[in-house]
Amino acid sequence: MTDPALLPATELALRLRRREMSAVELLQHHLRRVERLNPALNAIVVLDAERALQRARDADAALARGECWGPLHGLPMTVKESFDVPGLPTTWGFEAMRDNIAAQPAAAVQRLIDAGAVIFGKTNVPVAMADWQTFNPVYGTTHNPWDVTRTPGGSSGGSAAALAAGLSALELGSDIGASIRNPAHYCGVWGHKPTWGVVPLQGQQLPGMECVDTTDIAVAGPLARSAHDLTLAMELLAAPLRSFGALGWQPVAWRDAGVPAPRLRVAVVADDALAEVDASVRDAIASLVAFLRERGVAVGEQERPVDSTEAWTTYVPLVRAALTGDASDDEYRQAVAEAAKWPADSLEFEALHWRGRSLSHRDWLRLDERRSRLRRQWTAFFERWDLLICPVATTPAFKHDQQGWRWERLIPVNGRAQPTTTSMFWAGYTNLCGLPATALPIGQSSDGLPIGVQVCAPVFADPVCLRFARWLEDEYRAFQPPPLAA
C-alpha cells in the first residue's frame, strides 16, 4: 500500500474532506517521517508542530460540524523559508537575520491558509536565494533524497527535497533563476513558475525591503508531487489575477483556448551551443519526443524562439542587477572594477555577473529595450507553436561543491568540465520575458538521478502548461519516490 505521505496533495485533500483520515492523523504521520528522514536531508529547517497540531484539531472539529475551510482543509504542508509565517523566522540564510521573526503572513501564505492548509514548517534556502545548491550558515546544507552527496537544487531546494521524500504534501516556492524549476528537475517533482505578476510576492522580504516587485523577474509559485496539485495550488494562489500595464494594475484573463493536450503544437529545443546539454538529458528528451509523435502530437525541433546570445547577455545582467539593492558602496565599487576587466562583448557568466552588479540606469534601460524586442520574438514564435519544451539545466543533480564563486565550480558535461552557471542559460531562456513554465520529471539518468524538462507557454497561458503537464503525468510518467522515501 502506498504511504499516504507519498500521495498527491489533491488525493490527500479529498480523503480529508471525506473524513477517511483525520487532519491530526495525517499531520502526525508527516511529523514522524520528518523525525525519521529529515536528519539525512535537512530539508525542513523550521518546525511549528504544536501550533500545527492545534490547527489540525480545529480542522477535524470543523469538518465534524459540517464546515469546510476550503480545498486544502487540513492538508499538512510547508513553505520556503523566505516567506513570512507569523511567529517563525525569515532569514534568507543570512546569519544577521537569525532572530528576524515574522509578524504577518506573506500574501501567498495567507491564501493557502484561507484555503484550509495546515502549515507546519519551513524549508531550507541558500543565502539570499542565490544558488543552485541549498546551504547557509543558519541552517546548514540540504541534501538530495536521490543521492545525499548531491544538491537538491536551489533556491527552493528544501522544498523539492521535502516533497520527494514525502515530508510535506505541498510547497510554496519562488523563482528568479529557475529556483522552482531547477529543484523540481533535480529531485523528480513538479514545479510551476507562473507568468510574472500573477502570484503576489508581498511577504517574501527582509526588514527594510519594501519594493518586492521591482525585480520584475522574480515570481512565487507551487511545487508538488503532481501536476494536478500544481493546478489546484495555482487556482488558489493566482486569484484575483492582475497584470501591470499602461493603465497600472488591471484585471486580466488566462489565455487558454481549451485545446486538448494531444492536439497542441509543441516545439522542442534540446540543446544550445551556449549551454551544452548532457547526453543523459538529451536522451530523455528524445524519448519524450518519440512518445509525443506516437500520440499524434505535432512536434517541431528546428525552430528557435529567440537569439540565444541576445537572450543570455540580456538575462544575466538584468537578473544580477535585480539583486543589488542592498549592496554596499564598497561592494558596488568592487563590481565596477571587476566589470572593467572584461571585454564589453564577453559572454562569460563572470563578466555578465559583474556587469549586472554595476549596471547604470541608462544601461538597464538599454537592456530593457532588448528584452522588449525579445518579447516580440516570443510572441511571433507562439503564433506558430502552443508550447515549447526545453531543458531546465544542462545535467541532472551534481555533487555538493561549496567552494569559490559559482562560476568556479565545475561539473562534467559529456566528458568535459562546464561551470555550474552555464545552466543559468536555461533558467533565463523563458524567465527573462515573464513566461510561465512547468517543470516536470520525464526520466532518470543511468545512475538513477531524476531528469526533468520545462514546458513553456505565452504569458497568461499558465493553464495550457499545466494541462499538458497533467496529461504527461497521466500518460507518460507519474511521481516516483526516491529509495530514501520508502
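The legends below describe several close-up views of a predicted model.

**View 1**
Side chains of opposite charge can pair when their charged atoms come close. A search of the whole structure finds 25 salt bridges, and this view takes up two of them. In one, Arg150 is joined to Asp147, with 3.0 Å between the closest N and O atoms. Arg150 is buried, because its relative accessible area is 14%, and buried means under 20%. In the other, the side chain of Arg265 meets that of Asp386 at a distance of 3.1 Å, N to O. This second pair links distant parts of the chain, since Arg265 belongs to strand β11 (residues 265-268), while Asp386 sits in the loop between α12 (361-384) and β13 (387-391), 121 residues apart. Arg265 has a relative accessibility of 32% and therefore counts as partly exposed.

**View 2**

Strand β6 (residues 171-175) is largely enclosed by the rest of the structure, because 5 of its 5 residues are buried. In a regular strand the side chains alternate between the two faces of the sheet. In β6, Glu171, Gly173 and Asp175 point one way, while Leu172 and Ser174 point the other way, and all are buried. Which strands pair with β6, and in which sense? Strand β2 (residues 76-80) pairs with β6 in the parallel sense over 2 bridges, and Val79 stands opposite Leu172 of β6. Strand β8 (residues 219-224) pairs with β6 in the antiparallel sense over 5 bridges, and in β8 the bridge partner of Asp175 is Val219.

**View 1. Val259 and its surroundings.**
Val259 is placed in the loop between β10 (248-251) and β11. With a relative accessibility of 24%, Val259 counts as partly exposed. When its neighbours within four places in sequence are left aside, Val259 is in contact with Leu264 and Arg467. Ala5 and Val259 are 254 residues apart in sequence, and their C-alpha atoms are 33 Å apart in space.

A pair of aromatic rings is described by the distance of the centres and the angle of the planes. The structure holds 18 aromatic pairs, one of which is the tilted pair of Phe349 and Trp407, with 6.0 Å centre to centre and 45° between the planes. Phe349 lies in helix α11 (residues 349-357) and Trp407 in the loop between β13 and β14 (410-413), so this pair ties together parts that are 58 residues apart in sequence. Phe349 is buried, with a relative accessible area of 8%, and Trp407, at 12% relative accessibility, also counts as buried. Trp354 and Trp405 form an edge-to-face pair, with 5.3 Å centre to centre and 75° between the planes. Because Trp354 lies in helix α11 and Trp405 in the loop between β13 and β14, the pair ties together parts that are 51 residues apart in sequence. Trp354 is buried, with a relative accessible area of 5%, whereas Trp405, at 41% relative accessibility, counts as partly exposed. One aromatic cluster includes Phe349, Trp354, Trp405 and Trp407, with Trp312, Trp378 and Tyr429 also among its members.

**View 2. The packing of helices α8 and α14.**
Two packed helices are described by the angle between their axes and the distance between the axes. Helix α8 (residues 279-294) packs with helix α14 (residues 462-475) at an angle of about 95°, and their axes are 13 Å apart. Angles of 65 to 115 degrees count as roughly perpendicular, and α8 and α14 are therefore roughly perpendicular to each other. Where the helices come together, Leu288, Phe291 and Leu292 of α8 meet Phe468, Trp471, Leu472 and Glu475 of α14.

Technical notes:
Residues are numbered from 1 along each chain as its sequence is written. This is a predicted model: local features need pLDDT of at least 70, side-chain atom pairs count only at pLDDT 80 or more; totals for chains, interfaces and linings use all residues. Side-chain values use heavy atoms; hydrogens and water are left out. A salt bridge is a side-chain nitrogen of Lys or Arg within 4 Å of a carboxyl oxygen of Asp or Glu. Buried means under 20% relative accessible area, exposed over 50%, partly exposed in between (1.4 Å probe, protein chains only). Helices (H or I, at least four residues) and strands (E, at least two) are DSSP runs, numbered from the N terminus. Two strands pair if DSSP finds at least two bridges between them. Contact means heavy atoms within 4.5 Å. Rings of Phe, Tyr and Trp (its six-membered ring) pair if their centres lie within 6.5 Å; planes under 30 degrees apart count as stacked, over 60 as edge-to-face and the rest as tilted. Axes are lines fitted to C-alpha atoms, for helices over the stretch in contact, and angles run from 0 to 180 degrees between N-to-C directions. Angles under 35 degrees count as roughly parallel, over 145 as roughly antiparallel, 65 to 115 as roughly perpendicular and the rest as oblique.
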